[in-house]
Amino acid sequence: METVSENRCFGGTQGVYTHGSDACGCPMTFGMFLPEEAKDGPVPVLWYLSGLTCTHENAMVKAGAQSWAAEQGIALIFPDTSPRGEGVADDEAYDLGMGAGFYVNATEKPWEPHYNMWDYVAEELPALVGSEFPLDMERQGITGHSMGGHGALTLAMGLAGRFRSVSAFAPISHPSASDWGRKQLTAYLGADEGTWRRHDATLMMREHGFDGPMLIDTGTNDQFIDLLKPEQFAQAVAERRQQATLRLQPGYDHSYFFVSTFMEDHIAFHAEALYVG
């Protein structure tokens with residue numbers, strides 16, 4: 001692991017780091033905010049998964065998360081959204097390939113050699129940061145925006161017992177029934193829709209649910225709301241009687257102005273779960 005940069009930030013440190021990834025077969029970059037409390041011992045962890053076209057940098061710079069994480073004494077981890085570099089498959093469309101990894105392990109060519117974002121976020125990167133930084137890996141929460149909200153929900157439900165809390169900003173919540181999903185899942189996983197189920201939050205909610213608190217915000221003026229399908233996820237939550245707070249925020253769109261507005265709420269929500277016990 002190599003340090004790209006470290007900057008003083010709200011009493012803590014905002015760092016950017018690179019490392020060789022076995023899962024993705026290329027160098028990967030991530031951001032991490034460590035609050036001041038990390039000097040005295042391990043701190044809880046909140047993962048933030050970004051959306052389509054983003055890198056590790058978007059939320060790190062735009063979300064305003066560090067001030068609230070510093071207040072709560074929580075570390076933030078900002079992974080990249082896909083593998084990158086020479087020899088990594090890409091597509092000319094913004095919603096497939098680099099910047100659009102969808103947090104799955106691809107099984108189809110040409111994506112399979114590098115697009116293993118599930119393994120990267122679920123296994124490889126946690127093992128790395130847990131060994132290199134003062135993090136309490138017994139206290140983890142996860143959140144994300146759009147494609148990253150999809151990833152946060154499916155990882156939380158797919159890794160039982162890993163996360164104490166999950167939240168999302170405008171998640172792609174039913175990708176197998178959406179153009180933001182069917183295209184990518186077909187490309188990465190093939191035409192057998194049975195293999196898609198563990199990467200569809202609505203289907204995962206119906207089949208597994210989440211053993212903990214859940215918070216989701218979506219703007220009523222989100223220009224992509226028909227692709228996100230919040231109403232279908234809400235129906236699955238109701239049918240399962242899942243512990244969840246689902247909010248439609250009047251007038252807000254899909255941008256980081258929306259994300260930053262409700263970031264304080266989300267970090268406070270995770271802090272309550274991460275500091276219980």
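Select helix 8, residues 230-240: its buried residues are Pro230, Phe233, Ala236 and Val237. They lie on the same side of helix 8, because they cover an arc of only 125 degrees around the axis, the arc being that of the directions from the helix axis to the C-beta atoms. Buried means under 20% relative accessible area, exposed over 50%, partly exposed in between (1.4 Å probe, protein chains only). Helices (H or I, at least four residues) and strands (E, at least two) are DSSP runs numbered from the N terminus.

This is a predicted model: local features need pLDDT of at least 70, side-chain atom pairs count only at pLDDT 80 or more, and totals for chains, interfaces and linings use all residues. Residues are numbered from 1 along each chain as its sequence is written, and side-chain values use heavy atoms, with hydrogens and water left out.

Turn to the other side of helix 8, where Ala238 and Glu239 are exposed. Next, select Arg241, which follows helix 8 and has a positive phi, near 60 degrees.

Now show what covers the buried residues, including helix 4 (147-158), strand 8 (214-219) and strand 9 (245-249); contact means heavy atoms within 4.5 Å.

Finally, select Tyr188. Among the residues it touches are Leu96, Phe102, Trp111 and Tyr115, not counting residues up to four places away in sequence. In the largest nonpolar core, of 88 residues, Phe30, Leu135 and Tyr188 touch the most other members. Such a core is a set of buried Ala, Val, Leu, Ile, Met, Phe, Trp, Tyr and Cys residues joined through side-chain atoms within 4.5 Å.
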